[in-house]
Amino acid sequence: MRQVRQLIDWVYALITGHPLLFWVCMLINLFGVVWGGIVWYGPMLASSPAWAWIFIPDCPAAALYATIAFILLRYGRPVPWFTAFAAFACIKYGLWTLAFWTRHWLGAGAVEPLELMLFVSHIGLTCEGVLLATRIGPLGMTARAAVAAFFSLSILVDYGLGFHPPLTWVVTPTFAMWTAVILTSVLGFWLTRPSLVVAQRAEALGLQVPRE
């Protein structure tokens, strides 16, 4: 695990330590925000009530959150709850999309170039979430639970009220919903895991605790 953390730290330092590389990555993110928001989710946004918009463009929104979170971190103005929120979004929707396309390909039996591009780009989105997850910093349990609660609510809105992402003829709403439930549950447990309570109590007593 130490080697994995060292690799994550090295990648984070590489990206944030080189302005050109950093801004190229941010521009790629913003391209994904615009393309995904217009091409993939545009028709759905146009036909949905405004209150539901925050729940609809899952991956484009996650890329936007990540861009803001990275900029805040790089310029020394981190907002821990927002970093946690962006990390949760990137990992959840990145992995959900990987599961989505894998299921589609298993049923369709063919891989289209655009689908492969989306698959690869969402590996990148997931990795961004992992980078952000190691930079959350001090954050109370209430804020952590609130982040997890938002993404639990998004499942209700998506699959209870019918605002889930566009699906293919292979991927059923049931598969999409249970993938979202499992990912949200696992990430929610990680974000509010019992060991955090112990660590926070130790920190309150002035004891040294391992970094997140």
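**Figure 1. Asp-9 and Arg-5 are both buried.** Buried stands for under 20% relative accessible area, exposed for over 50%, and partly exposed for what lies in between (1.4 Å probe, protein chains only). The model is predicted, so local features need pLDDT of at least 70 and side-chain atom pairs count only at pLDDT 80 or more, while totals for chains, interfaces and linings use all residues. Residues are numbered from 1 along each chain as its sequence is written, and side-chain values use heavy atoms, with hydrogens and water left out. Arg-5 and Asp-9 belong to helix 1, four residues apart, which is about one turn of the helix. Helices are DSSP runs (H or I, at least four residues), as are strands (E, at least two), and both are numbered from the N terminus. The two side chains form a salt bridge, with 2.9 Å from N to O. A salt bridge here is a side-chain nitrogen of Lys or Arg within 4 Å of a carboxyl oxygen of Asp or Glu. Side chains of opposite charge can pair when their charged atoms come close.

**Figure 2. Asp-9 also meets Arg-135 in a salt bridge.** The N to O distance for this pair is 3.1 Å. The pair links distant parts of the chain, with Asp-9 in helix 1 and Arg-135 in the loop between helix 6 and helix 7 (141–160), 126 residues apart. Through shared partners, salt bridges join Arg-5, Asp-9 and Arg-135 into one network. The structure holds two salt bridges. Asp-9 counts as buried because its relative accessible area is 16%.

**Figure 3. Leu-7, Trp-10, Leu-14 and Leu-21 make a nonpolar surface patch of about 390 Å².** Patches are made of residues with over 30% relative accessible area and no salt bridge; like charges are joined within 9 Å, and nonpolar side chains (Val, Leu, Ile, Met, Phe, Trp, Tyr) within 5 Å. The areas come from the Shrake-Rupley method with a 1.4 Å probe, and for residues only the protein chains shown count as cover. Helix 1 (residues 2–17) gives the largest share of the patch, three residues. Leu-21 sits in helix 2 (residues 19–40). Because its relative accessible area is 34%, Leu-21 is partly exposed.

**Figure 4. Trp-40 is another residue of helix 2.** Its relative accessibility is 29%, so Trp-40 counts as partly exposed. Setting aside neighbours within four places in sequence, Trp-40 is in contact with Trp-35, Trp-101, Leu-118 and Pro-166. Contact means heavy atoms within 4.5 Å. From Trp-40 to Phe-85 there are 45 residues in sequence and 22 Å in space, C-alpha to C-alpha.

**Figure 5. Helix 5 holds Thr-97 and His-104.** This helix runs over residues 80–108. Its 29 residues should span 42 Å at 1.5 Å a residue, and the end C-alpha atoms are 42 Å apart, so the two values agree. The expected span is 1.5 Å times one less than the number of residues. Thr-97 is buried because its relative accessible area is 5%. The side chain of Thr-97 reaches the backbone oxygen of Tyr-93 at 2.7 Å. Beyond neighbours within four places in sequence, Thr-97 is in contact with Cys-59 and His-122. The C-alpha atoms of Thr-97 and Asp-58 are separated by 9.9 Å, although the residues are 39 apart along the chain.

**Figure 6. His-104 lies in helix 5, and Gly-109 comes just after this helix.** With a relative accessible area of 7%, His-104 is buried. Leaving out neighbours within four places in sequence, the contacts of His-104 are Gly-109, Glu-115, Thr-168, Trp-169, Val-170 and Val-171. Gly-109 takes a positive phi of about 75°. Thr-102 is also found in helix 5, but this residue is partly exposed, with a relative accessible area of 35%.

**Figure 7. Buried residues of helix 6 pack against several other helices.** Helix 6 (residues 113–133) has 21 residues and reaches 31 Å from its first C-alpha to its last, close to the 30 Å expected. Among its buried residues are Glu-115, Leu-118, Phe-119 and His-122. The packing partners are helix 1, helix 2, helix 4 (58–74), helix 5 and helix 8 (173–191).

**Figure 8. Thr-179 is placed in helix 8.** Thr-179 counts as buried because its relative accessibility is 14%. Apart from neighbours within four places in sequence, Thr-179 is in contact with Trp-96 and Ala-99.

Methods:
A polar contact is a pair of N or O atoms within 3.5 Å; within protein, one must be able to donate a hydrogen and the other to accept it, and residues adjacent in sequence count only if both atoms are side-chain atoms.
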